[in-house]
Amino acid sequence: MNETIASLLARRSVRHYKPNQVSDELLDTVLNAGQYAASGMNSQNTVLVAVRDPKTRELLSKMNADVMGSSSDPFYGAPCVIVVLANTLRGTWVEDGSLVIGNLMTAAHAVGLGSCWIHRAREMFDSVEGKELLKKWGLPETLRGVGNCILGYPDEIPSDKPRLEGRIVKID
Ligand SMILES: Cc1cc2nc3c(=O)[nH]c(=O)nc-3n(C[C@H](O)[C@H](O)[C@H](O)COP(=O)(O)O)c2cc1C
């Protein structure tokens, strides 16, 4: 089977990770694949913030958990988180950011990393704490969160998830 198709079919959300940090080389490969996602009118209006610093990772985890009123780690112990933000002046900001995350997850799988989309980035970065983080990172406070993509070396092989029937309609 074609390798790209194989990656698309085999990728699964990973929720158990080894503690070792993602290497520079693999992280850069995944980030580069993310920034090559298509965007409405080639606006490229998304920003990918890759966090490996343990303190910042903990802060993001807590901010995400707080949105749910939970105290557990929503990042499942993954050592790296890529926050995908977008400039909302573009009408396609949600679609642009989502496609970036799709690329990140497929690329991660292709290079042997595990990943999972973690929701609630919008609430995280609409908050006062989130705006302060953006400022600290030298980013415009007008950016909004689309999603978080956790990354790490997988410590599980998730089982295949059969596709629901009737989702493909062909009009010949
Ligand atoms: C928009 C979106 C939000 C998601 N948010 C979460 C989340 O907050 N936590 C989580 O564990 N998984 C999250 N997921 C992962 C889905 O649960 C997962 O993709 C789905 O169960 C299908 O499994 P698969 O990715 O292994 O095919 C999210 C996925 C998407 C597309």
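Q: In what order do the elements of the protein chain run from the N terminus on?

A: Helices (H or I, at least four residues) and strands (E, at least two) are DSSP runs, numbered from the N terminus. Here the order is α-α-β-α-β-α-β-α-α-β, which comprises 6 helices and 4 strands. The model is a predicted one, in which local features need pLDDT of at least 70 and side-chain atom pairs count only at pLDDT 80 or more, while totals for chains, interfaces and linings use all residues. Residues are numbered from 1 along each chain as its sequence is written, and side-chain values use heavy atoms, with hydrogens and water left out.

Q: What percentage of the residues count as buried?

A: Buried means under 20% relative accessible area, exposed over 50%, and partly exposed in between (1.4 Å probe, protein chains only). By that scale, 40% of the 172 residues of the protein chain are buried.

Q: Which contacts join residues at least 24 apart, and how many are they?

A: A contact means heavy atoms within 4.5 Å. Among contacts in the protein chain between residues at least 6 apart in sequence, 82% join residues at least 24 apart.

Q: How many aromatic pairs does the structure hold?

A: Rings of Phe, Tyr and Trp (its six-membered ring) pair if their centres lie within 6.5 Å; planes under 30 degrees apart count as stacked, over 60 as edge-to-face and the rest as tilted. The structure holds 1 such pair. The ring centres of Phe125 and Trp137 are 6.0 Å apart and their planes stand at 40°, so the pair is tilted. It links distant parts of the chain, 12 residues apart: Phe125 lies in helix H5 (residues 121-126), and Trp137 in the loop between helix H6 (128-136) and strand E4 (143-152).

Q: Are Phe125 and Trp137 buried or partly exposed?

A: Phe125 is buried, at a relative accessible area of 0%, whereas Trp137 is partly exposed, at 25%.
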